[in-house]
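Keep the viewer open as you read.

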Amino acid sequence: MGKARRIALVGAGLGGLAAAIALRRQGFEVQVYEQASELAEFGAGINISPNSVKFFDAMGLAEQLRAVASEPVGLSWRDWGANEIRYSLPFGDFEKRYGAKYYVVHRSDLHRLLAEAVPQTSIQLGKRCTRVESRNGSVGLSFADGTSAEADVAVGCDGIRSAVRACIFGGQGPHYAGTMCWRALAPSDALPKEYHDRYVNQWSGDGGFVISYYIRQGKFINFVAVRQQPGWTEPSWSVPSSVGEMLAAFPNVGVKLRTMMAAATSCSKWGQFTGEHAPRWTQGRVTLLGDSAHAMLATFGQGANMAFEDAYVLARWLNASPENPEAALANYEAVRKPRATRVQQLSRTEVGFKKMHSDWDRLRRELVFVTRHGSTTGGVYRWIFGYDPVTQWRGRESVRR
């Protein structure tokens, strides 16, 4: 049996494009199949923490990332009715401590950066995957337009509503998490100079929370405003909204936060969906990556970061055992699944804490996320940010201290 060299990636989101870049660097022939008719801009700000900045370093894309990103000074936790910082996690020593800095970036800018690193001939648009089946030494893919393709390995990078996962493993798919959020952008020049500081701010109050930070080199403030809501009745997981509707849902926020939110010029609302971790990621020559395998709540800021880690480890394992792709994919799952599953669980814990606002709740949150494991600078974050996919793709431990 020949070596596995042809890789089919289903989905051209951040994870799919990152996997294409990593696999091409290992010499694989890659085809990305995307159901959309164009790689359009959508989304808002996302966090790129040190653990996945290392992916960009390894791919030779560090300069491109810095060119489109903003660099915050730290994480802060505040009451949304006031402006004082209750506690914070500074980023000043992150490069020394964890080997990389922490950035925030507009998703569209990051997606464009990754897309430009993949040849256009390697991305096929308008290809909605409807079937994936293992064959004798290959994988067959069928698409809604009546076409088909064959590869040595197929990877589902098609998100929380993964067609690949449903086809191979079945399951009920994602479910509504009980919270919805507004995503909004406010131009910084609509407010007094430096009205928003350079922290990634997490404002909490009764029944909800707001995350705010600069993107596009400080030209815009990105908001993610989350409230509990029993059900999501909209026909899509994301629909247009208005600044007025967003403000009406947060009547008790303080003057400063309200002023910043009121300056927004674009606004949409999103239902927050999640899924249980996949009991299995891999079957034969088919595997899952990113949200297809371990969808987590976006407000924890690690969904894209986990996909970047996945992409690097997947490419290295396939290159290490191209003559036995089944074993390579099994090793990829064995290395990545424990970490991704734990981060998925942490994302739910963190979102639960953000809905709470009593002094006791704050103390519990600080114990879990800031001081646990005997570290004075990061607790659980130290475990997340200190991970290096470049040195740990075989499961080796090399956390910077």
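Which residues of α2 are buried? Bear in mind as you look that this is a predicted model. The answer is Pro 50, Asn 51, Ser 52, Val 53, Lys 54, Phe 55 and Phe 56. That's seven buried residues out of the nine in the helix, so α2 is mostly covered, with "buried" taken as under 20% relative accessible area. Just past the end of α2, have a look at Gly 60, which takes a positive phi of about 75°.

Now for a helix that packs against α2. Find α10, residues 303–320, and view it together with α2, residues 50–58. Their axes lie 8 Å apart and the two helices pack at an angle of about 45°. Because of that angle, α2 counts as oblique to α10. The crossing of the pair is left-handed.

What do the two helices put into this contact? From α2 come Asn 51, Ser 52, Phe 55, Phe 56 and Ala 58. They meet Asn 305, Met 306, Phe 308, Glu 309, Ala 311 and Tyr 312 of α10. Sorted by class, the contact of α2 with α10 is made of seven nonpolar, three polar and one charged residues. Several names turn up in both stories: Asn 51, Ser 52, Phe 55 and Phe 56 are among the α2 residues that meet α10, and they are also among the buried residues of α2.

You'll find it in the loop that links β10 (148–151) to β11 (153–156). Is Asp 152 buried or exposed? It counts as buried, because its relative accessibility is 9%, and the cut-off is under 20%.

Finally, zoom out to the whole protein chain. It holds 14 helices and 18 strands, and 55% of its 401 residues count as buried. Of the contacts between residues at least 6 apart in sequence, 73% join residues at least 24 apart.

Note on methods. Residues numbered from 1 in each chain as written. Predicted model: local features only at pLDDT ≥ 70, side-chain atom pairs only at ≥ 80, totals over all residues. Heavy atoms only, no water. Helix = DSSP H or I, 4+ residues; strand = E, 2+ residues; numbered from the N terminus. Buried < 20%, exposed > 50% of the residue type's maximum accessible area, 1.4 Å probe, protein only. Axes fitted to C-alpha atoms, helices over the stretch in contact; angles between N-to-C directions. Parallel < 35°, antiparallel > 145°, perpendicular 65-115°, else oblique. Left-handed = near helix turned anticlockwise from the far one by under 90°. Contact = heavy atoms within 4.5 Å. Nonpolar A, V, L, I, M, F, W, Y, C, P; charged D, E, K, R; others polar.
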